[in-house]
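I opened my notebook and had a look around this one. Here is what I looked up, in the order I did it.

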Amino acid sequence: MAGWLRDPHLARALALIHDRPAHNWTVEALAKDSALSRSVLAERFTRLVGMPPMHYLAKWRMQIASELLSAGSSNMASIAAEIGYESEAAFSRAFKKMIGLPPSAWRLGIRTGSGTDEE
């Protein structure tokens with residue numbers, strides 16, 4: 001079983017991220033809401049989840065965005081807002097940086113040979 005499942009503080013941090021992906025999370029806010037110090041949260045999260053909390057949040061947001069884009073029922077601005085980006089342009093830049101292609105290409109299903117991270 002994953003180590004974070006046995007750690008109630010880490011499980012709380014993950015639940016907060018999953019329940020409120022659009023929230024303007026910081027390590028400090030996650031730590032406070034999880035009853036840990038920033039350094040302890042960052043260390044445990046990285047050790048047990050495999051990446052720092054803010055990187056995990058970014059990946060989780062892009063996973064949600066990928067699903068919404070594939071469904072095709074939401075416009076770019078709505079998706080950006082739903083996952084915590086203040087503008088469509090900021091979302092588009094972040095998506096391209098993390099996934100490897102623009103959201104519009106993802107929506108069209110252009111993924112072959114793009115080197116995307118489709119976890």
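Predicted model: local features only at pLDDT ≥ 70, side-chain atom pairs only at ≥ 80, totals over all residues.

**Notes on a few helices**

I began just past helix α4, where Gly72 takes a positive phi of about 75 degrees.

**Entry: α4 itself.** I checked the length next. With 19 residues at 1.5 Å a residue, α4 should span 27 Å, and its end C-alpha atoms do sit 27 Å apart, so the two agree. Then I asked myself which residues of α4 are buried. I wrote down Pro53, Tyr56, Leu57, Ala58, Trp60, Arg61, Met62, Ile64, Ala65, Ser66, Leu68 and Leu69. What do they pack against? I found α1, α2, α3, α5 (76-82), α6 (88-99) and α7 (103-107).

**Entry: α1.** I ran the length check again on α1, which covers residues 8-19. Twelve residues at 1.5 Å each should span 16 Å, and the end C-alpha atoms are 16 Å apart, so that agrees as well. I listed the buried residues here as Leu10, Ala13, Leu14, Leu16 and Ile17. Looking down the axis of α1, I saw these buried residues fall within an arc of 155 degrees, so they line one face of the helix. Pro8 and Asp19 are on the other side of α1, and they are exposed. I also looked up the partners of the buried residues: they pack against α2 (27-33), α3 (38-49) and α4 (53-71).

**Entry: the start of α1.** What caps the N-terminal end of α1? I found Asp7 doing it, with a side-chain oxygen 2.9 Å from the backbone nitrogen of His9.

**Entry: Pro8.** I placed Pro8 in helix α1. Buried or exposed? Its relative accessible area is 59%, and the cut-off for exposed is over 50%, so Pro8 counts as exposed. I also compared Pro8 with Ser34: they are 26 residues apart in sequence, and 8.4 Å apart in space, C-alpha to C-alpha.

**Entry: Glu43.** I moved over to helix α3, where Glu43 is found. Its relative accessibility is 40%, which lies between the 20% and 50% cut-offs, so I put Glu43 down as partly exposed. What does the side chain of Glu43 make a polar contact with? I got the side chain of Arg47, at 2.7 Å. Last, I compared Glu43 with Pro53: the pair is ten residues apart in sequence and 9.4 Å apart in space, C-alpha to C-alpha. I had already met Pro53 among the buried residues of α4.

Methods:
Residues numbered from 1 in each chain as written. Heavy atoms only, no water. Helix = DSSP H or I, 4+ residues; strand = E, 2+ residues; numbered from the N terminus. Expected span 1.5 Å × (residues − 1). Buried < 20%, exposed > 50% of the residue type's maximum accessible area, 1.4 Å probe, protein only. Arc of directions from axis to C-beta. Contact = heavy atoms within 4.5 Å. Polar contact = N/O pair within 3.5 Å; in protein donor to acceptor, adjacent residues only side chain to side chain.
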